[in-house]
Amino acid sequence: MNFLIEAFKPACSISIKFSDGKTRKRVPIKRENGQTLLAPLFRNQENIAGKITIEPHQGKRIEHNGVKVELLGQIEMYLDRGNFYDFTSLVRELDVPGDIYERTTYPFEFSMVEMPYETYNGVNVRLRYVLKVTVSRNYGGSIIEYLNFLVHNYSPPPSINTSIKMEVGIEDCLHIEFEYNKSNGEWKSKPHRYHLKDVIIGKIFFFLVKIKIKNMDIEIRRRESTVTGATNHVETETLAKFELMDGAPVRGESIPVRLFLSPYELTPTHRNINNKFSVKYYLNLVLVDEEGLRYFKQQQITIYRLPLQDT
């Protein structure tokens with residue numbers, strides 16, 4: 001039995017370490033099994049360098065057709081699991097064909113790497129960056145090792161000074177208005193753009209109320225759109241839901257709104273990433289009358305990441 005176990009074990013172990021691994025920031029990432037691990041964090045156009053160590057198991061000689069390391073940016077659709085679409089693919093040849101008898105270390109470096117998209121794990125799609133080391137062999141199968149890392153890209157705050165009004169109305173029956181702006185009250189940024197730890201502040205005004213409103217909620221929704229072949233898939237998640245009012249409002253009444261974004265697992269907005277997927281966010285205002293009828297108004301908002309928002 002021990003002989004069979006040894007026969008199916010890899011002929012060597014492979015470790016991948018970044019040159020600045022001890023000082024580089026690490027952030028949590030969820031694996032497919034639900035477990036969370038800490039992965040090193042990079043930004044677009046950073047240098048990625050380190051060392052790869054290959055150590056044969058005791059008494060074994062590794063005969064190979066070459067050793068290489070690849071840096072891959074990949075998109076995987078869960079409805080087409082196992083097929084990866086590479087949008088970044090860089091290769092460094094580490095060794096020519098030969099034999100490895102003992103522990104051997106290879107330095108590697110990828111300079112100014114183009115990593116334009118942010119790492120994303122969604123309902124039907126994931127975008128990942130990975131280092132892939134391959135020891136090519138004729139028999140026994142090639143030996144492959146992976147190391148995932150994260151990429152976060154930052155956006156400067158916008159500089160357009162306008163407010164946004166979201167209206168819900170039924171002719172001669174209902175007219176309400178939701179006006180919201182930036183949390184700092186200084187109107188320095190375009191109000192429908194919010195960073196990951198921002199606060200949405202506004203007021204709801206009732207100008208005409210002839211319907212018996214029972215309650216009113218505000219929701220944050222995420223809409224993920226993916227393309228697989230000729231098929232489009234859309235998944236909508238309600239990430240947050242708050243009751244703003246319980247009972248009937250009267251004309252002239254106003255309700256303040258203060259919505260903190262930091263408690264929720266938001267990501268930056270993704271627009272048509274490599275023609276494969278998009279991720280958009282919406283504020284959804286929902287009113288329910290005493291007969292159970294529901295009235296909706298939806299406004300798209302843009303979520304972006306500022307520096308120092310990686311935890």
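Predicted model: local features only at pLDDT ≥ 70, side-chain atom pairs only at ≥ 80, totals over all residues.
Local features need pLDDT of at least 70, side-chain atom pairs count only at pLDDT 80 or more, and totals for chains, interfaces and linings use all residues. Residues are numbered from 1 along each chain as its sequence is written, and side-chain values use heavy atoms, with hydrogens and water left out.

A search of the whole structure turns up 10 salt bridges, where a salt bridge means a side-chain nitrogen of Lys or Arg within 4 Å of a carboxyl oxygen of Asp or Glu. Strand labels (E, at least two residues) are DSSP runs, numbered from the N terminus.

**Glu118 and Arg305**

- Glu118 sits in the loop between strand E9 (104-110) and strand E10 (120-121).
- Its salt-bridge partner is Arg305, with the closest N and O atoms 2.4 Å apart.
- Arg305 lies in the segment after strand E22 (294-304), so this pair ties together parts that are 187 residues apart in sequence.
- Glu118 is buried at 6% relative accessible area, and Arg305 is buried too at 7%; buried means under 20%, exposed over 50%, and partly exposed in between (1.4 Å probe, protein chains only).
- The Glu118 side chain also reaches the backbone nitrogen of Asn153 at 3.1 Å.
- Setting aside neighbours within four places in sequence, Glu118 is in contact (heavy atoms within 4.5 Å) with residues including Leu127, Val151, His152, Pro268 and His270.

**Asp217 and Lys241**

- Asp217 belongs to strand E17 (residues 213-228).
- Asp217 pairs up with Lys241 in a salt bridge, the closest N and O atoms being 3.8 Å apart.
- That links distant parts of the chain, since Lys241 is in strand E18 (residues 231-246) and the two are 24 residues apart.
- Asp217 is buried, at 9% relative accessible area, while Lys241 counts as exposed at 51%.
- Beyond neighbours within four places in sequence, Asp217 has contacts that include Phe242, Glu243, Leu244, Asn284, Leu285 and Val286.

**Glu55 and Arg103**

- Glu55 and Arg103 form a salt bridge whose closest N and O atoms are 3.2 Å apart.
- Here Glu55 is in strand E4 (residues 48-56) and Arg103 in the loop between strand E8 (98-100) and E9, so the bridge spans 48 residues and links distant parts of the chain.
- Glu55 counts as partly exposed at 34% relative accessibility, and Arg103 is exposed at 55%.

Terms used:
Helix = DSSP H or I, 4+ residues; strand = E, 2+ residues; numbered from the N terminus. Polar contact = N/O pair within 3.5 Å; in protein donor to acceptor, adjacent residues only side chain to side chain.
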